[in-house]
Amino acid sequence: MWGRIARRGAARNGQGHRRPSEAFRESTYPPPYPDGWYRVAASADIRRGEVTYVECLGKQIALFRSELDGQIFAVDAFCPHMGANLAHGTVIGDQLRCPFHGWRIDGLGQIRGTPTNDKLPTRTHTHWEVMDYYGMVVVYHAEHMPDRVLYRLREQSRIDRGQFDYRGKYEAGEVGMHLIEFAENAVDFQHFPEIHGVMHIPWTRFPIPFIKIHHEASWESDADSTHLAYFNDHSMLEILGRKMQKTAATARITFHGPGGIVQFDFSIPNLGGITMFQTHTPIAPLKQQVHFSWFAEKRVSRILASYVVGNWVSQWRRDVEIWENKIYRRKPLLTRSDGPVHRMRQWYLQFYAG
């Protein structure tokens, strides 16, 4: 009987395999929304005087940009008065006017005025730390440590100085995974030859015959900035059984917090450098909105930059097929060949600590 029920209730993935229920998978994982910075929109999508609605991290947010100086703000989407959707309201100066009763609220949650000129409530409306970060609107989510920003996002000096130019973006859509999986992936050294040992045509799922990829991986946390961790990958191609030293490349992946914003710095000998941001925005406990954007040195062509990023995206999709069907083992059975899984998990706990 139980077998028949399980078969009827199981979902199928793209390959026709039966998929475990989302409720069961979710029960094995840590809480879905660790504290940290998350991308919620593209900066260019919210112009001065505009407001938009965003739902993520278990929250409902009205994002608006001041008419006066272009500063971006994020407040609870529903008016504290009678619950109207402020994202349907109007930006007036640096305030948001409710479409229902005309209450005006600023970006710090202060009630700034009402049409009736009644005495204004002193209780502030919920708002979030928000900033423009290299083409992204990012907010700080503080569920486990309320009213505390654990860390700030660091400046990108090579972009600020004009050494790196914006080159492109890619909206990857929704992925059925918990956020922690991306961090787990960085210390799962055993999966590299199994999942990432074959070259693929960039941006596709098609493998290239007779070409293998060799990886040398390491992981470390930052001794001074505890919210930072680094995954280092030195790779080289093997073509027709021969390792090609000239194909060697290095990638340094920086976790800015729990995985909402991950920075890739690719270094290609004699060709130049590329910086890519991969962002994960939790829109449900096991659902991430994934976005890529990248910058490159002026001498790196758009085609080369797209080729490098496309190679990574093709490999990333291989992981997605695993993530969307797995569970989280709180006590994994590890061997000597595994990476520092427990050390990474201990580092990750800081984003839940109360």
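This is a predicted model: local features need pLDDT of at least 70, side-chain atom pairs count only at pLDDT 80 or more; totals for chains, interfaces and linings use all residues.
Residues are numbered from 1 along each chain as its sequence is written, and side-chain values use heavy atoms, with hydrogens and water left out.

Visitor: What is the radius of gyration of the protein, and why does it agree with a compact globule?
Guide: The radius is taken over C-alpha atoms, and the globule rule is 2.2 Å times the number of residues to the power 0.38. Because the protein has 354 residues, a compact globule would have a value near 20 Å, which agrees with the protein's 23 Å.

Visitor: Is Asp-338 buried or exposed?
Guide: Buried means under 20% relative accessible area, exposed over 50%, and partly exposed in between (1.4 Å probe, protein chains only). Asp-338 has 18% relative accessibility, so the residue counts as buried.

Visitor: Which residues is Asp-338 in contact with, leaving aside its neighbours within four places in sequence?
Guide: Contact means heavy atoms within 4.5 Å. Asp-338 and Asp-188 are 150 residues apart in sequence, yet their C-alpha atoms are 6.1 Å apart in space. Apart from those neighbours, Asp-338 is in contact with Asp-188 and Gln-190.

Visitor: What polar contact joins the side chains of Asp-338 and Gln-190?
Guide: A polar contact is a pair of N or O atoms within 3.5 Å; within protein, one must be able to donate a hydrogen and the other to accept it, and residues adjacent in sequence count only if both atoms are side-chain atoms. The contact between the side chains of Asp-338 and Gln-190 is one of 3.3 Å.
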